[in-house]
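Visitor: I am new to this structure. Could you walk me through some of its parts?

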Amino acid sequence: MANKEGQKQVDEGKIPLLTPYKMSKFELSHRVVLAPLTRQRSYGNVPQPHAILYYSQRTTKGGLLISESTGISDTAQGYAEAPGIWTKEQVEAWKPIVDAVHAKGGIFFCQIWHCGRVSNTDLQPNGQAPISSTDKKLFPQPRSNGIGVARFSSPRKLTTEEIPLVVNDFRLAARNAIEAGFDGVEISGAHGYLIEQFMKDQLNDRTDQYGGSLQNRCRFALEIVEAIVNEIGPDRVGIRLSPFAEFMDASESNPEALGLYMAESLNKYGINYCHMVEPRWKAEGKTIESQHSLVPMRKAFKGTFISAGGYEMEDGNTAVAENRTDLVAYGRLFLANPDLPKRFELKAPLNKYNRETFYTSDPVIGYTDYPFLETKV
C-alpha cells in the first residue's frame, strides 16, 4: 500500500510531504496536490487563456494538479462561468492550459462533475429543471464566499431509463479530457453533487435499482467508474468522495459504511486513486475535528489514497509519516500560495487567502496575482 522508497525517506528524517511517490505509472516528486477548486472564470463555460497562467503558476516538475470542477454536459452546470468539456470548443480551449502544465513537468487530471439539483433553471438548457436522483428541492444555501445566498430550482427525478444516458455523458467527458491532453480524470463524487445525490440515503428516495440499499445507491457511481475505466483505462481514473460531509444537504445515516463500501468496490476496477475528504470541517478559521476517521477506507483501498480537508503543513506531514495517506490535497493554501511546495520546503510564511475573491470573474484579482516568495515585498 505504501510507497516504499518514499517511506524510507520519511524514516530518514526528510520532509514527508516532499518525498517522491509512484502513483501507478506517474512519478511524483512530492505529495502536495493541487485540490480541485471552482474558480468561475470560464466565460460562457469555455476555459480562458488566463487559466494558462493560473495552472502553470501552481505546477512543479512531478507535481499532481487536479483541475477545477468541469461540467460533463449542458445539464451539468450549477455555477456561472464554470468550465465544461462536452463541446469541441471547450476541448480545444483546454489544450493550451494542459500543455502549459506539461511544459513544466506537471501531471494534470481533469475533475469531471455534474451538479444535479445544485443548480437552477437559469443555468439549464432551455430553462428546464435541473436533474437529480430525487425531486426534493435544495433550499437556499449561504454562498461559500460568505456573500449572500444561492437559490436553487426544484429538480426533476431522472427516470431509470435516463440514467445510462448520464453515465454515457461522463464517459464522453472522460474521452474528451484525454483528447485535450489531460493525464486522467477525477470523477466528482463528493460534496452534494449528482453522484452523491444518488449515494446518500437522506437524499435518495428512489424505489428502483438505484435506490434503497447501500449497494443500489452506489450503483450509479460504480457504473460511471466502470464506463470510464473501459473508455480510457484504470491508470487514468480517480474519484473524489466525501462520505462524512453534509454539503448541500447531502447527508448519510451511516457514512462509515458508505465510505468503506465504495473503497472496497473500487478495487475491482483497479483505478489509480481514491481522493477522500476528511470528516472534519473549518468554521471561522478553526478546524473542528471529528471522532470519525478515513483510516479504514485508506486500508481497504488498494490504490493511491489522497486525503483532503483543512490540512496545514504539519498535519499533512504527520498523515504521510504515519501512513494514513499517500498524498495530501491542498485547496485554499495552494490557491493563495502558487509556490506552496517550495514554501513547505523552506518553512516560509504563507500568503493569506482572500475568500471574497474566490468566485469573482476577474481574470487576475484573486486568481493569478498571489505573490511568489521571490516577489513578495
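Visitor: Which residue has its backbone oxygen 3.1 Å from a polar atom of the Arg217 side chain?
Guide: This is a predicted model. Polar contacts here are N or O pairs within 3.5 Å. At 3.1 Å from a polar atom of the Arg217 side chain lies the backbone oxygen of Gly212.

Visitor: Which backbone oxygen lies 2.6 Å from a polar atom of that Arg217 side chain?
Guide: Arg217 sits in helix H6. Its contacts beyond four places in sequence include Phe198, Lys200, Tyr210 and Glu252. The oxygen at 2.6 Å belongs to Met199.

Visitor: Is Arg217 buried or exposed?
Guide: Buried means under 20% relative accessible area. Arg217 has 6% relative accessibility, so the residue counts as buried.

Visitor: At what angle do H4 and H7 pack?
Guide: Helix H4 covers residues 163–179. Among its residues meeting H7 are Ile163, Phe170 and Ile178. On the H7 side, Phe220, Ala227 and Ile232 are included. The axes are 9 Å apart, and the angle is about 35 degrees.

Visitor: How many residues of the contact of H4 with H7 are nonpolar?
Guide: The crossing of H4 and H7 is right-handed. Its contact has 4 charged residues and no polar ones. The nonpolar count is 11.

Visitor: What span does H8 reach from its first C-alpha to its last?
Guide: H8 runs over residues 255–266, which makes 12 residues. At 1.5 Å a residue, 16 Å is expected. The helix comes close to that, reaching 16 Å.

Definitions and conventions. Residues numbered from 1 in each chain as written. Predicted model: local features only at pLDDT ≥ 70, side-chain atom pairs only at ≥ 80, totals over all residues. Heavy atoms only, no water. Helix = DSSP H or I, 4+ residues; strand = E, 2+ residues; numbered from the N terminus. Expected span 1.5 Å × (residues − 1). Axes fitted to C-alpha atoms, helices over the stretch in contact; angles between N-to-C directions. Left-handed = near helix turned anticlockwise from the far one by under 90°. Contact = heavy atoms within 4.5 Å. Nonpolar A, V, L, I, M, F, W, Y, C, P; charged D, E, K, R; others polar. Buried < 20%, exposed > 50% of the residue type's maximum accessible area, 1.4 Å probe, protein only. Polar contact = N/O pair within 3.5 Å; in protein donor to acceptor, adjacent residues only side chain to side chain.
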